[in-house]
Amino acid sequence: MDDYKEHLRRLVVHDEALLDVATVEGSSFAPSVMDRKTEALLRVAATIAVDAAPPTFQHAVDCALASGATREEIVASLEAVTPVTGAARVVRCAPKVGLALGYDVEEALEQLD
């Protein structure tokens with residue numbers, strides 16, 4: 001059976017072993033089919049999609065940077081999810097991404113006033 005079919009089947013039937021690995025390590029499948037940077041950027045995107053807490057954004061962004069993603073790629077990930085999450089979610093998450101990158105966007109905007 002093709003690997004992707006096996007993984008989909010195991011996810012559909014709620015395979016505890018696979019879900020445990022995915023929850024702890026991220027995926028038993030991803031490292032063999034995508035590079036670490038892509039996986040990390042997808043996690044940034046997912047963090048935006050669920051409007052996670054600031055510490056979760058910090059962790060996702062730190063992992064992305066450590067895997068070789070640039071600040072520009074991280075911001076591009078924020079913009080890329082807009083059609084799915086909606087503009088309001090992206091606008092709400094942009095300051096969290098900024099802080100995780102070491103840039104306080106809200107403070108910078110206040111200084112412009």
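Okay, a definition to start: a residue is buried when its relative accessible area is under 20%, exposed when that is over 50%, and partly exposed in between, with a 1.4 Å probe and protein chains only. What we have here is a predicted model, where local features need pLDDT of at least 70, side-chain atom pairs count only at pLDDT 80 or more, and totals for chains, interfaces and linings use all residues. Residues are numbered from 1 along each chain as its sequence is written, and side-chain values use heavy atoms, leaving out hydrogens and water.

Helices here are DSSP runs (H or I, at least four residues), numbered from the N terminus. Which residues of α6 are buried? They're I74, S77 and L78. Seen down the axis of α6, these fall within an arc of 100°, so they line one face of the helix; the arc is that of the directions from the helix axis to the C-beta atoms. Why does that happen in helices? An α-helix has 3.6 residues a turn, so residues three or four places apart point the same way.

On the other side of α6, E72, E79 and A80 are exposed. The buried residues pack against α4, α5, α7 and α8, and contact means heavy atoms within 4.5 Å.

Conventions: Helices (H or I, at least four residues) and strands (E, at least two) are DSSP runs, numbered from the N terminus.
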